[in-house]
Amino acid sequence: MRPVNAPGSLETLRRRNRGLVLRAVQSGGATSRVDIVRATGLSRTTVSSLVNELLAEGLLAEGTDRAGRPSVNQTGRPPTRLTLEPSSGTVLGIHLRHDGIRLALADLAGAVLAEVLVDLDVDHRADAALSFVEDATNDLVAEAGISRSRLLGAGVAVSSPVPTLPRHGPALLTTWHDIDVADVLGERLGVRVQVGNDANLGATAERVFGAARTTRSLVYVMLAEGVGAGLFLDGRPYLGAKGVAGEFGHVVVAPGGRVCRCGNRGCLETVAGAGALVAALPARADGTVPDLDDVLAACAAGEPGALRIVADAGRAVGTALAGVCTMLDPDLVVVGGRTAAAGRPLMDGIVETLRRGVPPTDEPLVPVVAGELGARAEVLGAVALAISGAPLAVPAPV
């Protein structure tokens, strides 16, 4: 007689399928039974049976969409959303921006339990940044009132390409070249640490938690101190052959223009990055240098100069997007990052040149919408990355 758990037995097959379902939900891309069928290739009947089993065991949790809204083209009650059981652990999301650090401690459903943001010259102070993350993690865990043993992992969003190599220091962060962020922070925090590009993780966050929940093919544009893009194609993140797809800020839009930090001239970042917007704004009355918040405040106040600065940046973004959208034909463009708070002047500028730049067809222009997560998208994407790698007590597929 064949042993119950022998390879090829029904029990072994069921254990394997349970693992497939849990990992599909854990990845953040499968949040409904239909998503799981698509991600795993299992039958609807099998998925329904396994989901019910995992719900009964407390490994999965089920609730309505966070915004309580139906999916596109859906009528009736809002869809249910599957997540890992939130109370079974916590993860840490870390966003290493050029000019600051944001940390978010979250449960396994992505709900933030505690959060902190600090201004810091991350580019030039790697040691200070790493020390802050270590100290702030302890503070967040204490603030949330949880045991440190429940911290299962961490995700880090960095403002730089993250090549798929064994070791990587963020290439455009000047004091990080010889630092393996995952190894160093993993040793300091005592958990597994995964690293991703911030724009890619912003795209992940908007697709899992935000404006692109029902979207299969997505272009996410991050406008902040730097400029980047994250791509989802046919429901999967697209990172490129070397893991550096989406370096949108270094698309040349002004040949012969200002020198970019990458060494080229006229990159989009030199026109639409925070530094370019701030440089175009007049100095404050007291002679001090303005910052991005001043640009956004002046724009909100309707100051003509600020509106022109932001609209011009939007037009440059639209010019660069036209080529991307012509090549990829996405379902949706989501604009996020700090600068997205400028609102309509920015979005109108983007749509204006995007409309002129794509070939005319009978189909409507790809929708361009503001992200729902704002400046927190990247840290929430880091949370999603950490959840995807959190250790689960489930059998590995055989």
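Me: Which element gives the most to the lining of the second largest cavity?

Reply: That is β2, with four residues. Strands here are DSSP runs of E with at least two residues, helices are runs of H or I with at least four, and both are numbered from the N terminus. Before we go on: this is a predicted model, where local features need pLDDT of at least 70 and side-chain atom pairs count only at pLDDT 80 or more, while totals for chains, interfaces and linings use all residues. Residues are numbered from 1 along each chain as its sequence is written, and side-chain values use heavy atoms, with hydrogens and water left out.

Me: What counts as a cavity?

Reply: On a 1 Å grid over the protein atoms alone, a cavity is a set of points where a 1.4 Å probe fits but cannot get out, and a lining residue has an atom within 4 Å of a point. Grid points are joined across faces, edges and corners, and a volume is the space filled by probe spheres set on the points.

Me: And how much space is in the second largest cavity?

Reply: Its volume is about 120 Å³. The lining has 16 residues, and Val 25, Gly 28, Leu 108, Val 208 and Ile 387 are the closest to the centre. Two or more lining residues come from each of α1 (10–26), β2 (80–84) and α12 (377–389).

Me: What classes of residue are in that lining?

Reply: Nine are nonpolar, six polar and one charged. In this scheme Ala, Val, Leu, Ile, Met, Phe, Trp, Tyr, Cys and Pro are nonpolar, Asp, Glu, Lys and Arg are charged, and the others, Gly among them, are polar. Domain 1 (18–62) and domain 2 (90–201 + 379–389) each give at least three residues to the lining of the second largest cavity; the domain bounds come from an automatic or database domain assignment.

Me: OK, how many cavities are there of 30 Å³ or more?

Reply: Three. The largest cavity holds about 160 Å³ of space. There are 22 residues around the largest cavity, with His 98, Ser 159, Asp 198, Met 222 and Gly 226 nearest its centre. The elements giving two or more residues to that lining are α6 (198–208) and β9 (227–233), and β9 has the largest share, three residues.

Me: Switching topic: why is strand β4 called largely enclosed?

Reply: Because eight of the eight residues of β4 (residues 100–107) are buried, the strand is largely enclosed by the rest of the structure. Buried means under 20% relative accessible area, exposed means over 50%, and partly exposed is in between (1.4 Å probe, protein chains only). Both faces are covered, with Gly 100, Arg 102, Ala 104 and Ala 106 on one side and Ile 101, Leu 103, Leu 105 and Asp 107 on the other.

Me: Which strands sit beside β4?

Reply: Seven bridges join β3 (residues 90–96) to β4, running antiparallel, and Thr 90 stands opposite Asp 107. Another seven bridges join β4 to β5 (residues 112–119), again antiparallel, where Ala 106 has Val 112 as its bridge partner. Strands count as paired if DSSP finds at least two bridges between them.

Me: How many residues are in the turns?

Reply: The β3 and β4 hairpin has three residues between its strands. The β4 and β5 hairpin has four, and Gly 110 in that turn has a positive phi of about 90°.

Me: Which residues have a positive phi without being glycine?

Reply: Asp 234 is one, at about 50°, and Asp 329 is another, also at about 50°. Asp 234 is in the loop between β9 and β10 (236–238), and Asp 329 is in the loop between α10 (304–328) and β11 (332–336).

Me: Are those two buried or exposed?

Reply: Asp 234 is exposed, with a relative accessible area of 54%. Asp 329 is exposed too, at 62% relative accessibility.

Me: And Val 366, buried or exposed?

Reply: Val 366 counts as buried, at 14% relative accessibility. Its place is in the loop between α11 (344–357) and β12 (368–370). Leaving out residues up to four places away in sequence, Val 366 touches Cys 325, Pro 330, Asp 331, Leu 332, Val 333 and Leu 354, where contact means heavy atoms within 4.5 Å.

Key. On a 1 Å grid over the protein atoms alone, a cavity is a set of points where a 1.4 Å probe fits but cannot get out, and a pocket is an open set with protein on both sides within 12 Å along at least five of seven lines; lining residues have an atom within 4 Å of a point.
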